[in-house]
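I opened my notebook to go through this structure step by step. Let me set the sequence and the model side by side before I write anything down.

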Amino acid sequence: MTRTGALPPRLRRTLAPHTPHCYRHCQQPLRGRTVNGPAPGWLCVYACPGGAVSVVTYSEWTNDDPTARLLPFLRAHTGPSTLVRRRDLRLARRHGPELGAEAERILGRVIPSRAITTVYWRLYPFKRKDGTVLRPFACFRHRRLGVQFFVAPGDSGAPRCSHCPAPKK
Amino acid sequence: MPTPQRLTIVLAPWCPHCVPLSVTQGRRLARRLRVPLRLLDIDRPAQEKAADRLVRRYGDDAPDYLIPQVFLEWSDGRVQHLLTGFSEEVPRTARAWADLLRSAWLRATLRGARA
(Lines give C-alpha, C1' and ligand atoms only; values in the text may rest on other atoms or scores of the structure.)
Protein backbone atom coordinates (compact mmCIF):
# COMPACT_ATOMS: atom_id res chain seq x y z
CA MET A 1 0.00 0.00 0.00
CA THR A 2 1.06 3.58 -0.49
CA ARG A 3 -0.06 6.63 1.40
CA THR A 4 -2.96 8.53 -0.10
CA GLY A 5 -1.97 10.28 -3.29
CA ALA A 6 1.45 8.64 -3.70
CA LEU A 7 1.97 6.77 -6.94
CA PRO A 8 3.63 3.32 -6.79
CA PRO A 9 6.32 2.64 -9.45
CA ARG A 10 4.10 0.07 -11.20
CA LEU A 11 1.52 2.78 -11.87
CA ARG A 12 4.17 5.33 -12.86
CA ARG A 13 5.31 2.97 -15.60
CA THR A 14 1.84 2.87 -17.13
CA LEU A 15 1.88 6.65 -17.64
CA ALA A 16 5.17 6.73 -19.54
CA PRO A 17 5.07 7.88 -23.17
CA HIS A 18 6.21 5.55 -25.97
CA THR A 19 8.94 7.30 -27.93
CA PRO A 20 8.66 10.96 -27.08
CA HIS A 21 10.69 13.50 -28.99
CA CYS A 22 11.59 17.05 -28.10
CA TYR A 23 8.72 19.46 -28.73
CA ARG A 24 9.45 22.20 -31.30
CA HIS A 25 13.16 22.35 -30.42
CA CYS A 26 15.16 19.40 -31.74
CA GLN A 27 14.45 15.84 -32.80
CA GLN A 28 16.35 14.35 -29.85
CA PRO A 29 14.56 11.79 -27.68
CA LEU A 30 13.08 13.05 -24.45
CA ARG A 31 14.10 11.77 -21.07
CA GLY A 32 11.61 11.81 -18.22
CA ARG A 33 13.44 12.83 -15.02
CA THR A 34 11.79 12.34 -11.67
CA VAL A 35 12.54 15.35 -9.50
CA ASN A 36 11.74 16.23 -5.91
CA GLY A 37 8.44 18.05 -6.01
CA PRO A 38 5.41 18.68 -3.87
CA ALA A 39 4.36 15.68 -1.76
CA PRO A 40 2.80 13.19 -2.13
CA GLY A 41 2.78 13.01 -5.92
CA TRP A 42 5.26 12.26 -8.69
CA LEU A 43 6.86 15.16 -10.57
CA CYS A 44 8.47 14.29 -13.89
CA VAL A 45 10.25 16.70 -16.22
CA TYR A 46 10.43 15.64 -19.89
CA ALA A 47 13.46 17.36 -21.39
CA CYS A 48 15.87 16.72 -24.26
CA PRO A 49 19.65 16.31 -23.68
CA GLY A 50 20.04 20.11 -24.18
CA GLY A 51 17.64 20.77 -21.30
CA ALA A 52 14.72 22.08 -23.40
CA VAL A 53 11.53 21.16 -21.56
CA SER A 54 8.66 19.69 -23.54
CA VAL A 55 6.27 19.06 -20.68
CA VAL A 56 6.24 18.74 -16.90
CA THR A 57 3.82 16.28 -15.34
CA TYR A 58 2.67 15.96 -11.73
CA SER A 59 0.61 12.89 -10.86
CA GLU A 60 -1.22 11.79 -7.74
CA TRP A 61 -3.40 8.78 -7.04
CA THR A 62 -6.44 10.81 -6.09
CA ASN A 63 -9.72 12.11 -7.48
CA ASP A 64 -8.93 15.61 -6.22
CA ASP A 65 -7.34 18.32 -8.32
CA PRO A 66 -3.71 18.71 -7.18
CA THR A 67 -3.12 21.93 -9.17
CA ALA A 68 -3.12 24.02 -5.99
CA ARG A 69 -0.14 22.02 -4.68
CA LEU A 70 1.81 22.19 -7.94
CA LEU A 71 1.38 25.86 -8.82
CA PRO A 72 3.36 27.37 -5.88
CA PHE A 73 6.10 24.78 -6.35
CA LEU A 74 6.54 25.64 -10.04
CA ARG A 75 6.51 29.38 -9.29
CA ALA A 76 9.17 28.93 -6.60
CA HIS A 77 11.40 27.04 -9.05
CA THR A 78 10.89 29.21 -12.13
CA GLY A 79 12.61 32.43 -13.04
CA PRO A 80 10.70 34.66 -13.47
CA SER A 81 7.77 33.13 -11.57
CA THR A 82 5.28 34.98 -13.81
CA LEU A 83 6.07 32.41 -16.52
CA VAL A 84 3.91 29.93 -14.63
CA ARG A 85 0.34 30.82 -15.54
CA ARG A 86 -2.72 29.00 -14.26
CA ARG A 87 -4.04 28.59 -17.83
CA ASP A 88 -0.95 26.58 -18.82
CA LEU A 89 -1.74 23.92 -16.20
CA ARG A 90 -4.07 21.27 -17.56
CA LEU A 91 -5.72 18.43 -15.75
CA ALA A 92 -6.32 14.81 -16.78
CA ARG A 93 -7.70 11.90 -14.79
CA ARG A 94 -6.43 8.48 -15.81
CA HIS A 95 -8.74 5.53 -15.14
CA GLY A 96 -7.78 1.87 -15.04
CA PRO A 97 -9.29 0.73 -18.38
CA GLU A 98 -7.16 3.15 -20.43
CA LEU A 99 -3.91 2.21 -18.68
CA GLY A 100 -3.63 -1.48 -19.52
CA ALA A 101 -4.53 -4.71 -17.72
CA GLU A 102 -2.11 -4.39 -14.80
CA ALA A 103 -3.12 -0.84 -13.89
CA GLU A 104 -6.78 -1.71 -14.33
CA ARG A 105 -6.34 -4.54 -11.79
CA ILE A 106 -4.46 -2.33 -9.31
CA LEU A 107 -6.86 0.60 -9.58
CA GLY A 108 -9.87 -1.74 -9.50
CA ARG A 109 -8.84 -3.13 -6.10
CA VAL A 110 -9.23 0.24 -4.38
CA ILE A 111 -12.65 1.12 -2.99
CA PRO A 112 -13.91 3.78 -3.30
CA SER A 113 -12.27 4.03 -6.68
CA ARG A 114 -9.53 6.59 -7.23
CA ALA A 115 -8.14 7.74 -10.56
CA ILE A 116 -4.61 8.87 -11.24
CA THR A 117 -4.82 12.63 -11.63
CA THR A 118 -2.11 14.32 -13.66
CA VAL A 119 -1.46 18.03 -14.08
CA TYR A 120 0.50 19.00 -17.19
CA TRP A 121 2.54 22.17 -17.40
CA ARG A 122 3.38 22.97 -21.01
CA LEU A 123 4.88 26.37 -21.70
CA TYR A 124 4.81 27.00 -25.44
CA PRO A 125 7.74 28.82 -27.10
CA PHE A 126 7.03 32.53 -27.47
CA LYS A 127 8.55 35.51 -29.31
CA ARG A 128 10.26 38.47 -27.66
CA LYS A 129 9.77 41.96 -29.17
CA ASP A 130 13.11 41.66 -31.01
CA GLY A 131 11.88 38.45 -32.67
CA THR A 132 13.94 36.03 -30.56
CA VAL A 133 12.02 32.85 -29.85
CA LEU A 134 12.25 31.89 -26.19
CA ARG A 135 11.42 28.47 -24.83
CA PRO A 136 11.53 26.78 -21.44
CA PHE A 137 14.63 24.98 -20.19
CA ALA A 138 15.32 23.04 -17.02
CA CYS A 139 18.52 23.03 -15.02
CA PHE A 140 19.19 19.98 -12.87
CA ARG A 141 22.69 20.98 -11.74
CA HIS A 142 21.90 22.39 -8.31
CA ARG A 143 21.16 19.63 -5.87
CA ARG A 144 20.30 22.03 -3.03
CA LEU A 145 17.92 24.18 -5.08
CA GLY A 146 16.32 21.31 -6.96
CA VAL A 147 15.16 21.70 -10.54
CA GLN A 148 15.21 25.26 -11.90
CA PHE A 149 13.04 26.35 -14.85
CA PHE A 150 13.91 29.35 -17.00
CA VAL A 151 13.52 30.59 -20.58
CA ALA A 152 16.32 31.04 -23.12
CA PRO A 153 16.56 31.43 -26.89
CA GLY A 154 15.45 28.19 -28.51
CA ASP A 155 18.66 27.81 -30.52
CA SER A 156 20.97 27.95 -27.49
CA GLY A 157 22.75 24.64 -27.02
CA ALA A 158 22.54 23.98 -23.29
CA PRO A 159 21.92 27.34 -21.63
CA ARG A 160 22.68 27.98 -17.97
CA CYS A 161 20.18 29.14 -15.39
CA SER A 162 20.67 32.23 -13.21
CA HIS A 163 22.14 30.08 -10.41
CA CYS A 164 24.91 28.60 -12.59
CA PRO A 165 28.28 30.33 -12.39
CA ALA A 166 29.16 32.31 -15.54
CA PRO A 167 31.58 30.48 -17.87
CA LYS A 168 35.25 31.50 -17.49
CA LYS A 169 36.57 33.66 -20.32
CA MET B 1 -29.63 -2.54 -14.81
CA PRO B 2 -28.42 0.69 -16.45
CA THR B 3 -27.24 0.45 -20.05
CA PRO B 4 -24.99 2.72 -22.15
CA GLN B 5 -26.93 5.33 -24.13
CA ARG B 6 -24.52 7.60 -25.95
CA LEU B 7 -20.79 8.18 -26.40
CA THR B 8 -19.58 11.78 -26.67
CA ILE B 9 -16.16 13.07 -27.70
CA VAL B 10 -15.18 16.69 -27.04
CA LEU B 11 -12.63 17.56 -29.71
CA ALA B 12 -11.18 20.04 -32.18
CA PRO B 13 -10.48 19.30 -35.87
CA TRP B 14 -6.90 20.65 -35.67
CA CYS B 15 -5.92 18.39 -32.77
CA PRO B 16 -3.96 15.29 -33.88
CA HIS B 17 -5.06 13.41 -30.74
CA CYS B 18 -8.68 14.00 -31.86
CA VAL B 19 -8.75 13.68 -35.65
CA PRO B 20 -8.49 11.08 -37.00
CA LEU B 21 -7.38 9.00 -33.99
CA SER B 22 -10.18 9.58 -31.48
CA VAL B 23 -12.93 9.82 -34.08
CA THR B 24 -11.92 6.46 -35.55
CA GLN B 25 -11.51 4.76 -32.18
CA GLY B 26 -14.65 6.44 -30.81
CA ARG B 27 -16.66 5.03 -33.73
CA ARG B 28 -15.26 1.60 -32.96
CA LEU B 29 -16.17 1.87 -29.26
CA ALA B 30 -19.66 3.21 -30.02
CA ARG B 31 -20.25 0.34 -32.45
CA ARG B 32 -19.24 -2.21 -29.85
CA LEU B 33 -21.45 -0.59 -27.23
CA ARG B 34 -24.26 -0.20 -29.81
CA VAL B 35 -24.74 3.46 -28.96
CA PRO B 36 -24.67 6.61 -31.12
CA LEU B 37 -21.53 8.72 -31.21
CA ARG B 38 -21.76 12.49 -30.68
CA LEU B 39 -18.86 14.74 -31.62
CA LEU B 40 -18.69 18.15 -29.94
CA ASP B 41 -16.33 20.52 -31.76
CA ILE B 42 -15.03 23.24 -29.43
CA ASP B 43 -14.44 25.53 -32.44
CA ARG B 44 -18.17 25.67 -33.25
CA PRO B 45 -19.89 28.07 -30.86
CA ALA B 46 -23.12 26.05 -30.68
CA GLN B 47 -21.25 22.84 -29.79
CA GLU B 48 -18.67 24.58 -27.64
CA LYS B 49 -21.26 25.44 -24.99
CA ALA B 50 -22.38 21.82 -24.65
CA ALA B 51 -18.74 20.69 -24.60
CA ASP B 52 -17.78 23.17 -21.88
CA ARG B 53 -20.78 22.14 -19.80
CA LEU B 54 -19.90 18.45 -20.08
CA VAL B 55 -16.22 19.00 -19.25
CA ARG B 56 -16.99 21.36 -16.37
CA ARG B 57 -19.46 18.96 -14.79
CA TYR B 58 -18.00 15.53 -15.48
CA GLY B 59 -14.62 15.93 -17.14
CA ASP B 60 -11.13 17.28 -16.57
CA ASP B 61 -11.78 20.98 -16.37
CA ALA B 62 -9.12 23.69 -16.59
CA PRO B 63 -9.10 27.22 -18.03
CA ASP B 64 -7.72 25.76 -21.29
CA TYR B 65 -8.76 22.13 -20.89
CA LEU B 66 -7.19 19.16 -22.65
CA ILE B 67 -8.86 17.47 -25.61
CA PRO B 68 -10.09 14.98 -26.60
CA GLN B 69 -12.30 14.07 -23.66
CA VAL B 70 -14.57 11.06 -23.96
CA PHE B 71 -17.80 10.50 -22.01
CA LEU B 72 -20.32 7.67 -21.80
CA GLU B 73 -23.91 8.46 -20.86
CA TRP B 74 -25.93 5.76 -19.10
CA SER B 75 -29.68 5.09 -18.98
CA ASP B 76 -29.81 6.03 -15.27
CA GLY B 77 -28.56 9.53 -16.09
CA ARG B 78 -24.97 8.90 -15.01
CA VAL B 79 -22.22 10.39 -17.18
CA GLN B 80 -18.91 8.54 -17.02
CA HIS B 81 -15.64 10.18 -17.99
CA LEU B 82 -13.67 7.57 -19.93
CA LEU B 83 -10.56 9.18 -21.37
CA THR B 84 -8.62 12.40 -21.82
CA GLY B 85 -5.89 12.76 -24.44
CA PHE B 86 -2.30 12.40 -23.27
CA SER B 87 -0.44 15.67 -23.55
CA GLU B 88 2.93 13.89 -23.93
CA GLU B 89 2.43 12.56 -27.48
CA VAL B 90 -0.19 11.20 -29.91
CA PRO B 91 1.05 7.55 -29.76
CA ARG B 92 0.39 7.58 -25.99
CA THR B 93 -3.22 8.63 -26.63
CA ALA B 94 -3.43 5.87 -29.26
CA ARG B 95 -2.26 3.34 -26.69
CA ALA B 96 -4.88 4.56 -24.21
CA TRP B 97 -7.62 3.98 -26.80
CA ALA B 98 -6.25 0.51 -27.58
CA ASP B 99 -6.14 -0.39 -23.87
CA LEU B 100 -9.67 0.93 -23.35
CA LEU B 101 -10.99 -1.17 -26.25
CA ARG B 102 -9.54 -4.37 -24.78
CA SER B 103 -10.19 -3.55 -21.13
CA ALA B 104 -11.94 -5.73 -18.58
CA TRP B 105 -14.29 -2.78 -18.02
CA LEU B 106 -15.49 -2.91 -21.64
CA ARG B 107 -15.96 -6.70 -21.53
CA ALA B 108 -17.99 -6.35 -18.33
CA THR B 109 -20.05 -3.51 -19.80
CA LEU B 110 -20.83 -5.54 -22.92
CA ARG B 111 -21.81 -8.55 -20.79
CA GLY B 112 -24.10 -6.30 -18.72
CA ALA B 113 -25.67 -4.80 -21.83
CA ARG B 114 -26.39 -8.24 -23.26
CA ALA B 115 -27.89 -9.60 -20.01
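The entries below record what I looked up, chain by chain and then across the interface.

**Entry 1: ground rules.** I noted that this is a predicted model, in which local features need pLDDT of at least 70 and side-chain atom pairs count only at pLDDT 80 or more, while totals for chains, interfaces and linings use all residues. Residues are numbered from 1 along each chain as its sequence is written, and chains are lettered from A and ligands numbered from 1 in the order in which they are written.

**Entry 2: confidence.** I looked up the scores, and the model has ipTM 0.92 and pTM 0.91.

Entry 3: I used helices and strands as DSSP runs numbered from the N terminus, with at least four residues of H or I for a helix and at least two of E for a strand. Two strands count as paired if DSSP finds at least two bridges between them. In what order do the five strands of the open sheet in chain A lie? I read the order as β1-β2-β3-β6-β5, with antiparallel pairing. The edge strands are β1 and β5 (89–94) of chain A, each of which pairs on one side only, and from one strand to the next the twist averages 25°. For such angles, axes are lines fitted to C-alpha atoms, for helices over the stretch in contact, and the angles run from 0 to 180 degrees between N-to-C directions. I also found helix α2 (residues 67–76) of chain A lying across β3 (53–61), β5 and β6 (116–121) of that chain, at about 140° to β5(A).

**Entry 4: along β1 of chain A.** I followed β1(A) to β2 (residues 42–47) of chain A, and the two run antiparallel, joined by five bridges. One pair I could trace is A:V35, whose bridge partner in β2(A) is A:L43. I then picked A:R33, which sits in β1 (residues 31–35) of chain A. The C-alpha atoms of A:R33 and A:C44 are 5.3 Å apart, although the two residues are eleven places apart along the chain.

Entry 5: The bond from A:A39 to A:P40 is cis, with omega near 0°, and A:P40 belongs to the loop between β1 and β2 of chain A. A cis bond also joins A:G79 and A:P80, with omega about -10°, and A:P80 lies in the loop between β4 (78–79) and β5 of chain A.

**Entry 6: α1 of chain B.** I saw that α1(B) bends by about 25° at B:V23, the bend being the angle between axes fitted to the seven residues ending there and the seven starting there. The buried residues of α1(B) are B:H17, B:C18, B:S22, B:Q25, B:G26 and B:L29, and their cover includes β1 (4–11), β2, β3 (69–74) and α3 of chain B. After α1(B) comes B:R34, with a positive phi near 60°. B:R34 lies in the loop between α1 (17–33) and β2 (37–41) of chain B, and counts as exposed because 11 C-beta neighbours lie inside 10 Å.

**Entry 7: strands of chain B.** I found β1(B) and β3(B) running antiparallel, joined by six bridges, with B:L7 opposite B:L72. β3(B) and β4(B) also pair in the antiparallel sense, over five bridges, and B:Q69 stands opposite B:T84. Their hairpin has four residues between the strands, and there B:G77 takes a positive phi near 95°.

**Entry 8: where the chains meet.** I noted that 23 residues of chain B are in contact with 21 residues of chain A. On the chain B side, the elements giving two or more residues are β4 (79–84), α3 (90–101) and α4 (104–114), and α3(B) gives the most, with six.

Technical notes: Contact = placed C-beta atoms within 7 Å. Buried ≥ 20, exposed ≤ 12 C-beta atoms within 10 Å, placed from the backbone.
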